[in-house]
Amino acid sequence: MTGTAGDSGHNNALSILVVDDNPDVRTVLARFLTQKGFRVTALADGLAAAKLFDAALPAFDAVLMDIQLPGMSGRDVLHQIRAQDHLAKRHTPVLALTGAAHLDGDREFDALLRKPFPFESLVPRILNAIEQPTQPKPK
């Protein structure tokens, strides 16, 4: 991830869940998004993210999630989010974060961000996923 945070945006009504096991990535993403005006919850593993969605807490506007996570893979968490979305009749955009050069099944996610990515592309990708939700194709 490259770039600078820039000025604060007007995204204070939007809540983002960041899930990444790398503390540096998690901290930088949370700080950047907070500076852009988002409300951010940051977690270190897939199991914690799955538990948060199981708790039926208020929905997040979008999720940024690493695919390779301890406890539960990002793909498994995605399936759990989709199950909760189905029950709640909503669609939570999930943007996958990965360092992999190629990813099979990436169409399950609303967007794929390959690390490192330029910071200036992050907010537009999140907003696009929220404003124009896709219905990802099954594997």
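Which residues does Leu97 touch, not counting residues up to four places away in sequence? Let's hold that for a moment and say what we're looking at.

This is a predicted model, so to speak of local features we need pLDDT of at least 70, side-chain atom pairs count only at pLDDT 80 or more, and totals for chains, interfaces and linings use all residues. Residues are numbered from 1 along each chain as its sequence is written, and side-chain values use heavy atoms, with hydrogens and water left out.

Okay, the overall picture. The protein has 4 helices and 5 strands; these are DSSP runs numbered from the N terminus, helices being H or I with at least four residues and strands E with at least two. Along the sequence the pattern reads β-α-β-α-β-α-β-β-α. Of the 139 residues, 45% count as buried, and buried means under 20% relative accessible area, with a 1.4 Å probe and protein chains only.

Back to Leu97, which sits in strand β4 (residues 94-98). Leu97 touches Asp20, Leu29, Leu64, Met65, Asp66, Ile67, Leu113, Lys115 and Phe117, where touching means heavy atoms within 4.5 Å. Leu97 counts as buried because its relative accessibility is 0%. Met65 is 32 residues apart from Leu97 along the chain, but their C-alpha atoms are separated by 5.5 Å.

Two packed helices are described by the angle between their axes and the distance between the axes. Those axes are lines fitted to C-alpha atoms over the stretch in contact, and the angles run from 0 to 180 degrees between N-to-C directions.

Take α1 and α4 (residues 122-131): their angle is about 75°, with the axes 11 Å apart. So α1 is roughly perpendicular to α4, the word for angles of 65 to 115 degrees. Here Leu29, Phe32 and Leu33 of α1 meet Leu122, Val123 and Ile126 of α4. By class, that contact has 6 nonpolar residues, no polar and no charged; nonpolar covers Ala, Val, Leu, Ile, Met, Phe, Trp, Tyr, Cys and Pro, charged is Asp, Glu, Lys and Arg, and polar is the others, Gly among them.

Is Arg26 buried or exposed? Arg26 is buried, yet has no salt bridge, meaning a side-chain nitrogen of Lys or Arg within 4 Å of a carboxyl oxygen of Asp or Glu. The nearest side chain of opposite charge, Asp20, is 5.8 Å away; Lys and Arg count as positive and Asp and Glu as negative, with His and the chain ends not counted.

Technical notes:
Buried < 20%, exposed > 50% of the residue type's maximum accessible area, 1.4 Å probe, protein only. Parallel < 35°, antiparallel > 145°, perpendicular 65-115°, else oblique.
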